[in-house]
Amino acid sequence: MVRRSDTREAIRAVALELFGERGYERASLRELAVRLRITKAAVYHHFATKEDILASLAEEFAARLDELLTWGRAQPPGPGTRRELLRRYAELLAGRHGRLVRFLEDDRAGLRDLAAARDLHRRLDELAGLLADDGAAAAGLLADGGRTAAATLRARLCLVALHDGAAARVAGPAAGPSRSWSTSGEVELREAALAVAQDLVC
């Protein structure tokens with residue numbers, strides 16, 4: 001049984017696994033309770049709905065992503081800034097946030113009506129915009145904010161690479177809230193994804 005003091009965090013961790021495996025719509029609080037070996041009432045004590053669980057996970061990630069975006073906005077555009085943005089974002093994805101983003105990307109259709117998912121997608125769009133900035137905006141050369149079609153595509157591909165690197169956690173075996181997901185293979189994959197992404201923005 002999960003200790004009472006750990007129940008809320010265990011619910012969040014196992015719910016994210018369940019969402020990733022079954023999709024948001026097909027996942028149920030009943031199945032979540034079964035996996036945790038707690039009653040459904042215990043789940044309801046902490047979260048009234050699946051959306052509340054997702055919102056809790058999204059808010060945690062959004063706070064970290066906002067810090068990254070604030071830093072990025074304050075930097076001069078250029079390859080160095082873009083590479084550092086990617087490095088910091090890859091670091092952010094190394095934990096639970098990587099599984100959350102991968103789930104959000106894979107289940108866009110099922111999540112389109114949820115405010116928490118829309119807000120995170122808006123932030124990811126802004127991150128892609130920062131990665132697409134080629135400095136031309138500062139010189140007033142491009143009317144669309146300094147983003148060429150090629151730069152925009154490269155920025156999107158960078159994020160795809162990092163999200164795919166984070167997907168190793170989703171593809172791995174189901175883990176309880178206390179099991180470590182970090183393996184040497186997953187670390188190597190994330191490092192390779194970052195190298196590919198940084199090459200794209202040079």
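This structure holds one cavity of 30 Å³ or more. By cavity I mean a set of points, on a 1 Å grid over the protein atoms alone, where a 1.4 Å probe fits but cannot get out. Before going on, this is a predicted model: local features need pLDDT of at least 70, side-chain atom pairs count only at pLDDT 80 or more, and totals for chains, interfaces and linings use all residues. Residues are numbered from 1 along each chain as its sequence is written, and side-chain values use heavy atoms, with hydrogens and water left out.

The largest cavity has a volume of about 40 Å³, where volume is the space filled by probe spheres set on the grid points, joined across faces, edges and corners. Its lining, meaning residues with an atom within 4 Å of a point, consists of Ala 90, Leu 93, Leu 162, Gly 165, Ala 166, Arg 190 and Ala 193. Helices here are DSSP runs of H or I with at least four residues, numbered from the N terminus. H5 (79–93), H9 (149–166) and H11 (184–200) each supply at least two lining residues, and H9 gives the most, with three. By class, five lining residues are nonpolar, one is polar and one is charged; Gly counts as polar in this scheme, and Arg as charged.

Next, the helix packing. H5 packs against H6 (residues 96–106) at an angle of about 95°, with the axes 5 Å apart. Axes are lines fitted to C-alpha atoms over the stretch in contact, and angles run from 0 to 180 degrees between N-to-C directions. H5 and H6 are therefore roughly perpendicular, a label that covers 65 to 115 degrees. Tyr 89, Leu 92 and Leu 93 of H5 touch His 97, Gly 98 and Val 101 of H6, contact being heavy atoms within 4.5 Å. That contact has four nonpolar, two polar and no charged residues.

H1 (residues 7–22) and H4 (residues 50–73) have axes that come within 10 Å and cross at roughly 100°. That makes H1 roughly perpendicular to H4. From H1, Arg 8, Ile 11, Arg 12, Ala 15, Leu 16 and Phe 19 meet Lys 50, Ile 53, Leu 54, Ser 56, Leu 57 and Glu 60 of H4. The residues of this contact divide into seven nonpolar, one polar and four charged.

Last, aromatic pairs. With ring centres required to lie within 6.5 Å, the count comes to two. Phe 19 and Phe 103 form a stacked pair, 5.5 Å centre to centre with 25° between the planes; stacked means planes under 30 degrees apart. Phe 19 lies in H1 and Phe 103 in H6, so the pair ties together parts that are 84 residues apart in sequence.

How values were computed
On a 1 Å grid over the protein atoms alone, a cavity is a set of points where a 1.4 Å probe fits but cannot get out, and a pocket is an open set with protein on both sides within 12 Å along at least five of seven lines; lining residues have an atom within 4 Å of a point. Angles under 35 degrees count as roughly parallel, over 145 as roughly antiparallel, 65 to 115 as roughly perpendicular and the rest as oblique. Rings of Phe, Tyr and Trp (its six-membered ring) pair if their centres lie within 6.5 Å; planes under 30 degrees apart count as stacked, over 60 as edge-to-face and the rest as tilted.
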